[in-house]
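Dear colleague,

Please find below the structure that I am handing over to you. My notes on it follow directly after.

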Amino acid sequence: MKLRRCAVLYLESREHLSIDWPTVLAGGSALASSTRWVALAPHLDQELDIDAAELAALGGISQTVWSERAASERRYGEACIAGLLQRGLLIGDTPAHATARERDETLRATHWRPLSALAHTFGRWREVSSENGMEAPSFEALLEQFGEPPAPTLELAPEQALKLPPAGGGPLDEALFRRYTGRNFDLQASVPLAVAARLLQRTFGAQQVRQVGPHAAVLKKTSPSGGGLHPVEAFVLVQRVEGVAPGLYHYHPIEHELRPLRPLDSEAAAALARQLLADQHWLADAPLQVLMVARAERSFWKYRNHQKAYRALALDAGHLSQTFYLLAAEAGLPAFVTAAINDADIERLLELDHLRHAVVAICGCGPAASGPRNMVELRYGETDAI
Ligand SMILES: Cc1cc2nc3c(=O)[nH]c(=O)nc-3n(C[C@H](O)[C@H](O)[C@H](O)COP(=O)(O)O)c2cc1C
């Protein structure tokens, strides 16, 4: 049997701090520190503790060239090699090791930049909620906790400043100055179908399709996209859109269709929104939401092993969300975007592989509630504390 090391592996010396109570009780003040080696391998999607012998083996075995298992066993010991194979940090060429090998091959075939694969894999959330970390502190509470933030502006060379003429008005102004992040959605109101259709088409729809090969097309959209590849897909979570049953859909950007993936009753759709939004109930009430999922494999087809490619996926979703915000503002609706989402739960829901897809953000919109507001918003013309 032959083996090699998994394609992407980072090893972290993880520190654990604790109070050294005997020292403290003897009148001293002491922090005790211990360290352990943690293996971070994106194809395994979990952290693994390893010992010094395993560290040496992982450092000495090629990630590219297959070599005889027996040779590694002679050098590092049978138990060490067996343990690393069993945990998928070493990849074997026999059927017994097919699961880890397939994950490793998916990672190799997707052309991830290794550090990006690491940041992506270990930056995802599962089942995060207000109970275990998600919260919305006011700016005033933050001031109290952290003191003054860095200044809101940079003050560089003010003595040589060139005063600019006032910004003239323009056709975008109306939408720009109506845009704000809504956190008080009307629980009864729906988004009219025509508004939803325009929002989806003008944000996520293809405005033009250029055939560049027998099976290859370039889509032109209203937002820019790294490499013109438009890797971000729109999965639509409908709670209240006139004429559309609550549920989860995929928006087809060329056919301009909502393709049903999972029907949901209203309560289930609301509960799902809240779960995916890490318990941010102030956003979960929005009747129309879009889960933005980047197909990393489409972007990395061009940007192979590229330092900037993963960043471009986030930028693409950011552009789409601003277009979505402005179209919502045009229709008189507040909108939101958030990256504080349970992306790993979304992958499970949509049966997506995190090595091939990156769930980047959720945006949504809907009519604002009338009456007193429970959650802070930054609307133009208002000056309340935030
Ligand atoms: C990348 C990104 C992430 C955001 N995440 C959240 C969030 O998790 N929860 C939330 O209530 N608002 C979120 N927002 C909205 C911002 O808080 C909001 O844009 C900011 O307070 C300025 O307000 P405005 O959009 O009304 O101008 C996010 C915005 C961006 C661009």
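**Domains and ligand site**

The centres of domain 1 and domain 2, taken over C-alpha atoms, are separated by 37 Å. The contact between them (heavy atoms within 4.5 Å) takes six residues from domain 1 and four residues from domain 2. Domain 1 covers 2-109 and domain 2 covers 172-365, with bounds from an automatic or database domain assignment. Between them the two domains bury about 390 Å², 59% of it on carbon and sulfur atoms; buried area is the accessible area (1.4 Å probe) that two parts lose on being put together, summed over both.

This is a predicted model, in which local features need pLDDT of at least 70, side-chain atom pairs count only at pLDDT 80 or more, and totals for chains, interfaces and linings use all residues. Residues are numbered from 1 along each chain as its sequence is written, and side-chain values use heavy atoms, leaving out hydrogens and water.

Which residues surround the ligand? Among them are Tyr 180, Gln 280, Trp 282 and Leu 378, where a residue is near if one of its heavy atoms lies within 4 Å. The protein covers 58% of the 620 Å² of accessible area that the ligand has on its own, by the Shrake-Rupley method with a 1.4 Å probe.

Yours sincerely
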